[in-house]
Each structure stands twice: as structure tokens, then as C-alpha cells.
Amino acid sequence: MTTSYNILMLPGDGVGPEVLDEARQTLDVVAARSGFSVHYQEANIGGAAVDAHGVPVRDEDIETARASSAVMLGAVGGPKWEAIDPAIRPEAGLLKLRQALGLFANLRPIKVYDALADASPLKSEVVRGVDMLIVRELTGGIYFGEPSKQWTTEAGRRAVDTLPYGEEEIERIVELAFTLAAGRNKKVTSVDKANVMASSRLWREIATEVGARHPEIALDHALVDSCAMRIISRPLDFDVLVMENMFGDILSDEAAVLAGSLGMLPSASLSAGGDADGIFGLYEPIHGSAPDIAGQGLANPCGAILSLAMLLRTSLGREAEAAAVEAAVDTVLVDGARTRDIADGGTSLSTSEFGDLVRQALGDTLGTA
Ligand code: IPM
Ligand code: MG
């Protein structure tokens, strides 16, 4: 019997649909060559869901996600929904999905492709060879802490956000960072602001305890401000970095500069559960909806296609296929193919032209079924 996977596609807003379409076509090629089948379902998320259903994500679509092997997401947000009630902002849909599905671990690999070492605004000798993994806690901290509100007093407007963390929440994400480091360069940098914040002091305490259980992995602690500096001044020093939700949001965008373009980078958001095949996860490029270039075929599909590779590896347990997709992207870049964001003013391909080249290269590696 042919193995079949249920994949939920959430194209979302802006360039989301166009890049997700490239990932889907790429998955079709992998499936055909590797002899499995994919059953796709599709639902709205973000602004598209607000327009269609009045909410940025529907409960029934969260249930469909839960019942699938994995979820792929394009992007959410855009100027059209900037002024609406914060409770139904497009971003709120993504946050609800993360929380409802328990996607506590956000993996953001920052890999500098050799062919793109010159595309970064940083010196190529600083970025060449960079291969770091940001592990961001995704369902706790200041993104979800209560109270979070704005109100008015006689003295003027006030607002509060709250940054709570529990011991188990910190422990499971740090533990995962150590597990991942064991398969890489055996180095974990735990990022915090322990010189100022109580939540960070707890974070450091627990990271130290987890570290003691993994003597084969080197652990160091970095304060988030100096870490932000080291990420661009000495990025080669890092292997796995682990941090709370908001620090991860900020540092991952910063680290993206190393790769030459936000458009290159994939991500996985994983939950603790998982069926026999692998770990449940939601996979998305980190670039966001880029409304200024939406619908013009200018988006870089690499983030989405490399997210597909992460899906194949982590949720479907298909390491060979994942590696083949990554190798295909590498080949195409080495051959000089560029989308506009990485073209440095030179000739560039459209989203689908680039995707076609990746699929051609992939077909060559995986052979014909
Ligand atoms: C990200 C994004 C999201 C976040 C937004 C869209 C809610 O910036 O995935 O990094 O802040 O987590
Ligand atoms: Mg972000």
C-alpha cells in the first residue's frame, strides 16, 4: 500500500500563496519520485481568513491542522488589516494556531549558502560558513502573558505586558536545544537578560541544570544585548542558540541578514506530540507577507521550499528526500540562479522560474520513479 500523508496548506496573505505553491509543486515531485502520495487540504489564515470568515483562523481549521501529518503556512498580515481590532489581526490567527497546537519549539536555521556569501551586507569573510540554529520558545513568555492591555488613568494612558515562564516550559525547550546540538557542533548558547529580569534568572538557572545533564555539549550563557552584537560580528562562533519567545523573534530577524535575504530562510514550529511517522509541526518561510511585492512573481521561494525540506525530515521522517531538496536549492544557487532579493542588481528569475529550476535539479537527484 502506498504511504499517504495529509498536509494542510495555509497560504495566507501577500506573497504567501505564491511561495507555498512552489513548495507544493516541489512536494509533488518528491512524492512522485519517492512513491508516496499526498492528500492536500487548504484553509484560510490571517487576513485572508478575516476577509472570508471574519476571524483570522477558524476553530474547524485548527482541528483539520491537528488531524494532519503536518501544516505548511505561507505568511500572514498586510496593510489592509492594520487598523482592525487587535483581537482579530492576521497575526492573532498565527498566535492562536501556535498555542492551540502546542507548537512550543520554533526552529530557525540560519545557513549561509556559499554562493550567497557576497549577498549579505556584512563582509563575506564574516558570514561564509555560518550555520547556526535559533531555537525559539514559541508558546510562552510575553506573547501570551496576562495581563496584556492598555487603559486610561487620570495621569494618562498606560499599558502592560507580562513575561511569565514556568520551569517545565523552559526545561523542555532547552532540553530540545541540547538534543539538536548533539547532532550538530555540540554547542549551546542560552540567551537571556539575567542581569535585569527575574524570568531570565530562572531561565539561566534551568539552562544550567539541563546543561549539567549533557556534559558532552558545551553550554554558554549570553546576555541578549551582547549576543545581538556577536551574531553579526562573530556569527561563526555559534551553533545552537536557545531563547525565550520575544528574544527569538528579534534575534532571528537580525541573524537573517547573514543569509543575504530573509527570503532564504525556513522555519519549523514543533509540538511535543507526534504520531508514528514523526513530530507534528507547522512549517513556514520566515519572510512574512511582503505586501509590496505580492502577486508579481518577485518573491524568493527558497524559504518555503527549504521549509518543505524541514517538513520532510522532521514530520515525515524522510531524511533522504529532505537532503535532496536542500541539495537542489544549493545546486541552483551555485549555477547562478537568483530571485530579485539576492540578485544584487543583476538578472533575476521569477518565483516560479526559480522553483522550476529547483524541481529540475531535484528530479536529477531523485531519479525517475
Ligand atoms: C514571526 C513573526 C510573528 C511573531 C508575527 C507575525 C506574529 O514575526 O514568526 O517571527 O512575532 O512571532
Ligand atoms: Mg518575527
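Me: A polar contact is a pair of N or O atoms within 3.5 Å; within protein, one must be able to donate a hydrogen and the other to accept it, and residues adjacent in sequence count only if both atoms are side-chain atoms. How far is an oxygen atom of ligand 1 from the side chain of tyrosine 143?

Reply: An N or O atom of that tyrosine 143 side chain is 2.6 Å from the ligand 1 oxygen. For arginine 108 the distance is 2.8 Å, and for a polar side-chain atom of aspartate 249, 2.9 Å.

Me: What is this based on?

Reply: It is a predicted model: local features need pLDDT of at least 70, side-chain atom pairs count only at pLDDT 80 or more, and totals for chains, interfaces and linings use all residues. Residues are numbered from 1 along each chain, chains are lettered from A and ligands numbered from 1 as written, and side-chain values use heavy atoms, without hydrogens or water.

Me: Which residues surround ligand 1?

Reply: Glu91, Arg98, Arg108, Arg136, Tyr143 and Asp249, counting residues with a heavy atom within 4 Å.

Me: New topic. How many aromatic pairs are there?

Reply: Two, where ring centres of Phe, Tyr or Trp (its six-membered ring) lie within 6.5 Å; planes under 30 degrees apart are stacked, over 60 edge-to-face, the rest tilted. Tyrosine 5 and phenylalanine 36 have ring centres 5.3 Å apart and planes at 80°, so they are edge-to-face.

Me: And which residues form the other?

Reply: Tyrosine 165 and tryptophan 203, also edge-to-face, with 5.6 Å between centres and 75° between planes.
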